[in-house]
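Let's take a friendly walk through a protein model together. Keep the structure open as you read, and look for each part when it is named.

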Amino acid sequence: MIYFVGAGSGAPDLITLRGARLIKEADQIIYAGSLVNPELLAGAKPGCHILNSAKLTLEEVLEAMLKAESKGWMTVRLHTGDPSLYGAIREQIDYLKALKIDFELVPGVSSFSAAAAALEREYTLPGVSQSLIITRMAGRTPVPEGEAISAFAKHQASMVIFLSAGLAKEVQAELLAGGYKAETPAAIAYKVSWPEERIFHCTVGTIYETCQANGVSNFALILVGDFLGQEYEYSRLYAKDFSTGFRQAKVNLTDALSALSSEGGEV
């Protein structure tokens, strides 16, 4: 059996309970060494076979999985953050399906969630943005036509840009070309939830300058949008005049009488 496990954003205690249990039970762990906190491996049982996939090709990773299966081992494929985001898991899954090898996916805490927590912000603020765009800059890995950052920028939604700190100059140019104002709030979140975590507040017009000044070229997210500002509306969900399936709206008697009077009714 093979488990694809999200290791979380970095802090070893941000892995799920299920993920931590599987690490303890695994006979083999193949982990993404460039981004997964090695402290997570301390939970492995004695004798567990541990491989760093940063040094392996896809074929070598798959070969290690097959060898473990032939021995009746349980393998944990430990990916950074949540495997569903830039995890390169689809090709592994399809290979296992073709060979009818059982597997399971275990979600994890993504760095975009950890970044919001570090910034003490909410991506979906009423009156500001109700959408979050997760994307990356085209580099050695291209993006599909129509998914340029400048195209997404036209929506003015909250945005988290992965894997692009080394292309900060190009990111900034794309955001401005797409319609973000230079003064739009932005932030650079470096290694969120790791001991080395650093947060740099800036604007769209100073993203490149901020990365350069602080030596940030990798392991960072670029966050953009007015959700980083101070203006927003309160959620209607908890408003006293808003009914839900669990609570009836509370009517203000003074307001109700005033409304009735203005409509010509008797008071």
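## Before we start

Two residues are in contact when they have heavy atoms within 4.5 Å of each other. This is a predicted model, in which local features need pLDDT of at least 70 and side-chain atom pairs count only at pLDDT 80 or more, while totals for chains, interfaces and linings use all residues. Residues are numbered from 1 along each chain as its sequence is written, and side-chain values use heavy atoms, with hydrogens and water left out.

## The nonpolar cores

A nonpolar core is a set of buried Ala, Val, Leu, Ile, Met, Phe, Trp, Tyr and Cys residues joined through side-chain atoms within 4.5 Å. Buried means under 20% relative accessible area, exposed means over 50%, and partly exposed is in between (1.4 Å probe, protein chains only). The largest core here has 25 residues, and Met159, Leu175, Ile188, Ile207 and Val224 have the most contacts inside it. Among the elements that each supply at least two of its residues are helix H6 (168–178), helix H7 (207–213) and strand S8 (185–190). Helices (H or I, at least four residues) and strands (E, at least two) are DSSP runs, numbered from the N terminus.

Which residues does isoleucine 207 touch, leaving aside its neighbours within four places in sequence? Its contacts are Ala168, Gln172, Leu175, Ala186, Ile188, Cys202, Ile222 and Val224.

Now find strand S7 (158–162). Five of its five residues are buried, so S7 is largely enclosed by the rest of the structure. Ser158, Val160 and Phe162 cover one side, with Met159 and Ile161 on the other.

Two strands pair if DSSP finds at least two bridges between them. Strand S6 (residues 132–136) runs parallel to S7, with five bridges, and isoleucine 134 has valine 160 as its bridge partner in S7. S7 and S10 pair in the antiparallel sense over three bridges; there, isoleucine 161 stands opposite isoleucine 222.

## Cysteines without a bond

How many disulfides does a search of the whole structure find? The count is zero, where a disulfide is a pair of cysteine sulfur atoms within 2.5 Å. For cysteine 202, the closest cysteine sulfur is in cysteine 211, and at 7.1 Å it is too far for a bond. Cysteine 202 is buried, at 12% relative accessible area, and cysteine 48 is buried too, at 14%.

## Salt bridges

A salt bridge is a side-chain nitrogen of Lys or Arg within 4 Å of a carboxyl oxygen of Asp or Glu. The whole structure has six of them. In one, arginine 18 meets glutamate 104, with the closest N and O atoms 3.6 Å apart. Arginine 18 is in helix H1 (residues 17–25) and glutamate 104 is in strand S5 (residues 103–106), so this pair ties together parts that are 86 residues apart in sequence. Arginine 18 is partly exposed, at 43% relative accessibility, and glutamate 104 is partly exposed at 28%.

Another salt bridge joins arginine 21 and glutamate 25 (3.3 Å, N to O). Both residues lie in helix H1, four residues apart, about one turn of the helix. Lysine 45 and aspartate 27 also form a salt bridge, at 2.8 Å from N to O. That pair links distant parts of the chain, 18 residues apart: lysine 45 is in the loop between strand S2 (28–31) and strand S3 (49–52), and aspartate 27 is in the loop between H1 and S2.
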